[in-house]
Amino acid sequence: MATATKSTTGTGARTTGRSRGAAKKAAPAIAEFDKDQELHAYKEMLLIRRFEEKAGQLYGMGYIGGFCHLYIGQEAVVVGMQMAKKDGDQMITAYRDHGHMLAMDLDPKGVMAELTGRRGGLSKGKGGSMHMFSKEKHFYGGHGIVGAQVSLGTGIGFANKYRENGNVCMTFFGDGAANQGQIYESFNMAALWKLPVIYVIENNRYGMGTSVERASSTTDLSQRGVSFGIPGEQVDGMDVRAVMAASENALEYCRAGKGPFILEMITYRYRGHSMSDPAKYRSKDEVQKMRTEHDPIEQVRARLLDANWATEDELKAIDKDVRARVAEAAEFAQTDPEPDPSELYTDILL
Amino acid sequence: MPIDILMPALSPTMEEGKLAKWLKAEGDTVSAGDVIAEIETDKATMEVEAVDEGVLGKILVAEGTDAVKVNEKIAVLLGEGEDASALDAAASAPAPAADNGPAPVPAQPVASAPHPQAPAIDTPADPEVPEGTQMKSSTVREALRDAMAEEMRRDGDVFIMGEEVAEYQGAYKITQGLLDEFGPKRVIDTPITEHGFAGLGVGAAMTGLKPIVEFMTFNFAMQAIDQIINSAAKTLYMSGGQMGAPIVFRGPNGAAARVGAQHSQDYASWYAHVPGLKVVQPYSAADAKGLLKAAIRDPNPVVFLENEILYGHSFEIPDMEDFVLPIGKAKIERAGTDVTLVSWGIGMTYTMKAADELAGMGISAEVINLRTIRPLDIDTVLASVRKTGRIVTIEEAFPMCSVSAEIAYQVQEQAFDYLDAPVLRVTGKDVPMPYAANLEKLALPSVPEVIDAVKAVTYTA
Ligand SMILES: Cc1ncc(C[n+]2csc(CCOP(=O)(O)OP(=O)(O)O)c2C)c(N)n1
Ligand SMILES: [Mg+2]
């Protein structure tokens, strides 16, 4: 079994504490996973990967329209956080949201049918890829305006504190979004009022075609809360164990009433920004290197085999199972009827 | 069973593309994720990855083929253990995918064939174009780029900033080539900070520079609307005329295709509400070029509302060294006698088609392309209404407090005695833009709705 005290497959995330920034926290050591945890992480990440591949395929066939932002490569971030959270904790994110919904246990059929704009979709076909919600599963969307979800997530944290329900809102945004002004207005209020919010910056190195270095005057985004006294740390977002450990720590901090916490997940998206991005701003080698050396799913797979916790055949069986679930979702999403025309005028006001 | 490889849709507005290059040959082994071909879409050259694995059995569309429709079979992939003989069976099988899957929404409804008895259509020449000027074909996209390039060559104080305008060559490829020609000092990629860079632009303009601020779409300008209205629009007045803001805010506005409620809104009436702004909404490539050049030269803040679907449309455009159109002047696109149709921006596409069909029905429509929303060229509209006695306005925006509402008000005020019917409007429906293909279609105006409105005002229903 691979020892997990130090990630050898990391993305180069600097996970050790440094003196810069008063609020800098050393990331906790990577938690060892037991067999069940490894298997769980494997299945969950694989479901997201296969789901997204299928979505890409359906887009190419014209079943999905508009914008469609795939999460392939970033699966460990949302799955690691899911493994750390407790029931009742909320998630809110931007438009790259399919993975978050699957991790929040939303039915793949409902998600896929929303992508195809059918009546069985989570928003009855009216929201689309970027705008999906589930009150039941504490998923607050799915937002198309870069940065807007951060203030909303802060408000959900406010409501948690108001109700004293002990829940934490995991508020996701990208490295590009990290420059929007309302994020800093939110940071200030969240720190001022000690709101239970984890700001999860999914740093996949690019905001559309602009690298972090070309968009941000300082690139250690975990330190963006320093002037508000918000602690932050960088996490190897390609290693699901590192994500879970950091998330547990941050969740505990928030639940103890100490205020918000920033987790900068160093990750990578394999596909273009959306389906229509030719991704000329990075080299093929760069993408290939991430795929072969840091793939979040391959890491777990290697550990499972290494520890003799699963055989190739067993992993194949899992894959088959996952593919079947995705195929079922895709089938539903292609055959479910479009919304009834009368739906045009519903859900505008109560 | 051999697997058909179909021409993929690679952008929200793509209906067809060029199969630029095959990167695999017949007989090559292909794994899922391998790049098999390059396709040129309306916006970019894209790589196509294989979804399944197998052997490339047959290439059905040769490289270099133009206008390959989305979902057309382009190749056949043979599975494990299959050989070329499986291809014959596959070839005779009908192409799949068309059964239930909606094809990507066509950007425009298919134009109807001209009616055999259609009266001759009177298309007056643009009075702004000198007689005898050569015309050339240009897309709206090229026209916008050329307008900016010409003005940047002419005036060193003009610069452009926005998200992805430089190295990426524009999210919608409007700024293609500008970085190469003018360099990073004048073609500036910004972070995703609309409120900040809009304010920065206004500040620079207050000193006399002439920024062009591109919003990736106007939906994102809502982050920045305070600077546009409270700073750009009011400074000249508040400073007693000492300083204003010679700035252009431009970008695609209104609905694209299937991008949902947060990305599909027409802001014409929002900005038109505000004194201190000029608001331009071009339809054709000539409008785009002539008005953008005018906007850049204008000493006032100009909100320039483009449309993503129109970007790829081609029009005839005057081949002139310096083609500038006046802001605030409408264009009579078509002369007519029975009814006045007033539209602007993408609304013109429904209007022109409706006018064609109406001609076939014996109804002669005069079509006015407003070009500018503020200042509104109401005189051109009134002159037409006084002639026809009937008016229908057409736009994609919501009906409440719309530009249509303002036109109706001014027409009743100044031409009440000339009206033979109530003023009617055809607008987007009073709902957030839905994502589902069928609902989206219902939410937008349509040519039949325009025709129905005309029948109503001409009492021919
Ligand atoms: C306010 C606003 N500005 C611009 C956009 C267009 N846009 C959509 S995604 C994106 C890039 C965001 O990058 P990042 O925050 O890093 O997230 P990622 O896509 O990498 O997940 C941009 C510029 C938008 N949707 N909203
Ligand atoms: Mg990013």
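Start with chains A and B together: about 4,200 Å² is buried between them, 56% of it on carbon and sulfur atoms. Buried area is the accessible area (1.4 Å probe) that two parts lose on being put together, summed over both. On the chain A side, select A:Ile145, A:Arg214 and A:Leu344, which lose the most area to chain B, together 14% of what that side buries.

This is a predicted model: local features need pLDDT of at least 70 and side-chain atom pairs count only at pLDDT 80 or more, while totals for chains, interfaces and linings use all residues. Residues are numbered from 1 along each chain as its sequence is written, chains are lettered from A and ligands numbered from 1 in the order in which they are written, and side-chain values use heavy atoms, with hydrogens and water left out.

**The interface**

Next, select the contact residues (heavy atoms within 4.5 Å): 54 residues of chain A are in contact with 55 residues of chain B. Between the two chains there are 17 residue pairs in polar contact, both residues at pLDDT 80 or more. A polar contact is a pair of N or O atoms within 3.5 Å; within protein, one must be able to donate a hydrogen and the other to accept it, and residues adjacent in sequence count only if both atoms are side-chain atoms.

Colour chain A by element. Helices H1 (35–60), H4 (108–115), H7 (212–215) and H11 (312–335) of chain A each give two or more residues to the side that touches chain B. H1(A) gives the most, with three residues. Helices (H or I, at least four residues) and strands (E, at least two) are DSSP runs, numbered from the N terminus. By class, the side of chain A that touches chain B has 20 nonpolar, 23 polar and 11 charged residues. Here Ala, Val, Leu, Ile, Met, Phe, Trp, Tyr, Cys and Pro count as nonpolar, Asp, Glu, Lys and Arg as charged, and the others, Gly among them, as polar.

Three salt bridges are counted between chain A and chain B; the rule is a side-chain nitrogen of Lys or Arg within 4 Å of a carboxyl oxygen of Asp or Glu. Zoom to A:Lys284 and B:Glu47, one salt bridge whose closest N and O atoms are 2.7 Å apart.

**Ligand 1**

Now centre on ligand 1 and show residues with a heavy atom within 4 Å of it. There are 22, the closest being A:Tyr95, A:Arg96, A:Ala177, A:Asn204 and B:Glu194. The surrounding residues come from chains A and B, so the site is shared between chains.

- A:Tyr95 is 2.8 Å from an oxygen atom of ligand 1.
- A:His273 is 3.4 Å from an oxygen atom of ligand 1.
- B:Glu194 is 2.4 Å from a nitrogen atom of ligand 1.

The protein covers 95% of the 580 Å² of accessible area that ligand 1 has on its own, by the Shrake-Rupley method with a 1.4 Å probe.

**Within the chains**

Select B:Glu150 and B:Lys293, whose side chains form a salt bridge (2.6 Å, N to O). B:Glu150 is in helix H2 (residues 140–154) and B:Lys293 in helix H8 (residues 285–297) of chain B, 143 residues apart.

Finish at B:Arg374 and B:Pro375, joined by a cis peptide bond with omega near 0°.
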